[in-house]
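Let's walk through this one together, question by question. Have the viewer open and follow along.

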Amino acid sequence: MPPKKNGFMAFVQDWRNTAEGRGLTLPQAVARCGGIWSNMNAQQRGPYNSRAKDAEIAERGARERMTSTGQLVSTVESQQREAVQQNTQMKCNIERIVMKGKAQYDLENSKFVFAAFNYFDKTKKDGIYTPAEFAACLFSIKSGKISVYSSLINPGQIMFGQSNDAKLHADSTHYLPLPPKALGETDMGKLYINIVQYLRGCQVSDNPNDPLIVFTSTELMPVVKGCFRYLASDSDIEDTEILVYDIQYLFYILKKEVMEIADLKSTGINKSVTDAVFINDYYEYNSGISCQYHEDNDRCRYCAHSLVSRWAFIFSDYMCGDLAIKPIPGKHLPPKEERKFQVISDQREADITSSSFVSCESPERLENKNKYSPTDSTAFAACINKEDDFPTLGGRKPKPNQRPPLSNNFRATSQKSDWNIPSTRRSAKD
Ligand SMILES: [Zn+2]
């Protein structure tokens, strides 16, 4: 272990370079300097102390590099490596699951669980999120949305000093009231047990020790992981591993394989294309698929229940057709809704046309519209032998008792010369 750097040793080092100290060994120099050092005041010792401190920092920096936020570079790098490994592992597992279904000629009945959370707040460093709403949906291509489990969550309190952030987040997204006035389940342990039971019931695997797999959007992956960690920390259940996988990668792989089964060319399919389709959430503003709270507050778009249902509809929309599966409303599509608007009756339209408001759809106009036949504007209808059609061939000559010569007409008057008027109209006028 290298000797600890301190101000006294820095002084000894300097002193050995003086005439008095030259030729002394280190122990001798230390013994002599001890007395001198003890008689020095803080001001005299200052430069030596600060030099020792600088040397200490430089040495530590040489040993291990730090990031600008004070983390060891080696730690950050190993975390990044681990994340890349996990991502690769996840992709392999998703491909394995899909291939397994395909190999059994039963891909349309392969089941997947989609999961989403809304949250109140999050920790800055550890990636733990306080959950506000949970929803999970069991899906297969053949049956569409099979079942949905969802619950509002009241964690009792939010993290200290985060209420402002939490309020801003809630107002701009899910609009759920903040704890302690939050709605829904208050017993986190019980909620976690219920969620695990639901997920366990959805799994096709016979082995109860297999990890539970849920799929969520790339954007929500840290949220879902963070909320599960929050709930798990409050629960007595052990040995339950919930893996959170990327639904967008599943969408890509599944679509590719479905097209292959259907003997369609899948060469045009890539992750960017399927991601664009997935993010373009066509059912975003559909009502009737959210929880009651979000339905009542018109925030269906952010409802976790609605989100997992919409994912099921997007998957169905892009895959049922390839496999000739007839989409069923409520399963593959949003359920049929009763109209909340009034359709203006045909009688009213008839009234409009017969009223004084005739400029757009008067009976004559409607009649003419039906009779309309396009004219060929490229064909030239004039007669080459008629002087009127070709003023340059003599048509500029004034006719008796008519307008003055054309040259006078060119004084930017409102009167148009003949060659400016279509030949058809001209002949009628003439
Ligand atoms: Zn909701």
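A residue counts as buried if 20 or more other C-beta atoms lie within 10 Å of its own. The model here is a predicted one.

Q: What share of the residues of the chain count as buried?
A: The cut-off just given is applied to C-beta atoms placed from the backbone. Across the 430 residues of the chain, the share that count as buried is 24%.

Q: Is phenylalanine 134 buried or exposed?
A: Phenylalanine 134 sits in strand E2, which covers residues 129-140. Being buried takes 20 or more other C-beta atoms within 10 Å. Because phenylalanine 134 has 29 of them within 10 Å, it is buried.

Q: Which residues is phenylalanine 134 in contact with, leaving aside its neighbours within four places in sequence?
A: A contact needs C-beta atoms within 7 Å. With the neighbours within four places in sequence left aside, the partners of phenylalanine 134 are Phe117, Ser150, Ser151, Ile153, Ile195 and Ala304.

Q: What distance separates the C-alpha atoms of phenylalanine 134 and valine 224?
A: Along the chain, phenylalanine 134 and valine 224 are 90 residues apart.

Q: At what angle do helix H8 and helix H9 pack?
A: Helix H8 spans residues 247-261 and helix H9 residues 271-279. Gln248, Phe251, Tyr252 and Lys255 of H8 meet Lys271, Thr274, Asp275 and Phe278 of H9. By class, that contact has three nonpolar, two polar and three charged residues. The helix axes lie 9 Å apart, and the angle is about 115°.

Terms used:
Residues numbered from 1 in each chain as written. Predicted model: local features only at pLDDT ≥ 70, side-chain atom pairs only at ≥ 80, totals over all residues. Buried ≥ 20, exposed ≤ 12 C-beta atoms within 10 Å, placed from the backbone. Axes fitted to C-alpha atoms, helices over the stretch in contact; angles between N-to-C directions. Helix = DSSP H or I, 4+ residues; strand = E, 2+ residues; numbered from the N terminus. Contact = placed C-beta atoms within 7 Å. Nonpolar A, V, L, I, M, F, W, Y, C, P; charged D, E, K, R; others polar.
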